[in-house]
Amino acid sequence: MSATSRHALRAASVAERPRVWVSQPLFDDIVSRLHAYFDVVQAPDVREHDEAAIAAALREVDGALVTLNERIGEREIASAPKLRAVANVGVGYDNLDVGALQSRGIVATNTPDVLTETTADFGFALMMAAARRITESERHLRGGKWTGWNFKGLLGADLHRSTLGILGMGRIGQGIAKRASGFDMQVLYHNRSRLPADVEGAYKASYVDFDTLLARADHLVLVLPYSPQTHHIVDAAALAKMKPTATLTNIARGGIVDEAALAEALGSGRLAAAALDVFEGEPAVDPRLLALDNIVLTPHIASGSLSTRRAMVTLAVDNLIAALGAGPDAGRPPTPIVPVTQGGDAGKRAGAA
Ligand code: DGY
């Protein structure tokens, strides 16, 4: 083969390489696996991409590795004719319009399982911090307000032998129930559908309706997916049904709780304490919440251990490679949001390397 035809062949194979967009800097050593199959357009720094920026980034690519900061719906994909796969780094995928992606044959994936235990650990820690007033106590001490051991100072509520309410009994909810058994807590849960008896038995968890959960929980933890149906499911009316001594912990999504109603309930003593890792207008936090002492506020870090965040990126990269028809699992992404159907598989159509 002549040098000219070798060059032409190389140029053609380079031109055929699918292109992917990585929306945020993640872990370079993991993301670099994409280079074996694709040309990678990497966002150089952490940034908020608006609709126009996302649409522009998707215009020329076959796939995208995105985080919950990127909303991808009809408008963002309208001018992206080549787009075949969107891999979300996160288990929650309310940032994706899965219906719009599906109707265009775009495979969407998420990262379940790998973050379950880490997120359950953090949910438990937040619940405990709210109940035992840990961050409030620390502020008290650091603020120079501690004048000596005080028998009645900063008294909190026990977790052990109390009643735990779990709203959303998926993998993370079950992880929290598992931890609760070490604290001899009674576990009640409410879920879209009741779990099989053997699963309930394994977690010693009893199914109750939503109102009963609100009324009986000493500590209520929210672990359900966000959707139009769950928007503000914990509103003023729901909060009014809770015990005034109860705590509320949210590690799901901000929009599930009506934050104004929560601030009112905490401020008036209608509810003892709360802990939020997620907020409706992230990264903005309602100033009424910031002004309260009886709330623990963390910046959406429930899955944020180093090894878990690395595992999430690893899974998302595996998903993207496979969904684009490349790698050992070509056409079979490990965790598609909607099962990839035979023949309707965007990955196989792609015929990527
Ligand atoms: C998720 O995965 O949905 C979390 O909120 C971010 O880790």
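Which residue has a polar side-chain atom 2.6 Å from an oxygen atom of the ligand? That is Ser303. The protein covers 89% of the 230 Å² of accessible area that the ligand has on its own, with areas taken from the Shrake-Rupley method and a 1.4 Å probe.

Some ground rules. This is a predicted model, where local features need pLDDT of at least 70 and side-chain atom pairs count only at pLDDT 80 or more, while totals for chains, interfaces and linings use all residues. Residues are numbered from 1 along each chain as its sequence is written, and side-chain values use heavy atoms, with hydrogens and water left out.

Back to the ligand. Around the ligand we find Leu68, Gly90, Val91, Gly92, Leu115, Arg253, His300, Ser303 and Met312, each with a heavy atom within 4 Å of it. By class, that shell has four nonpolar, four polar and one charged residues; Gly counts as polar here. The backbone takes part as well: a polar backbone atom of Val91 is 2.7 Å from a ligand oxygen, and a backbone N or O atom of Gly92 lies 2.8 Å from a ligand oxygen.

Next, His190. This residue sits in strand 7, residues 186-190; a strand is a DSSP run of E, at least two residues, numbered from the N terminus. Is His190 buried or exposed? His190 is buried, at 17% relative accessible area, where buried means under 20% and exposed over 50%. A polar atom of the His190 side chain lies 3.5 Å from the backbone nitrogen of Phe210. Beyond four places in sequence, its contacts (heavy atoms within 4.5 Å) include Ile166, Met169, Tyr207 and Leu213.

Technical notes: Helix = DSSP H or I, 4+ residues; strand = E, 2+ residues; numbered from the N terminus. Buried < 20%, exposed > 50% of the residue type's maximum accessible area, 1.4 Å probe, protein only. Polar contact = N/O pair within 3.5 Å; in protein donor to acceptor, adjacent residues only side chain to side chain.
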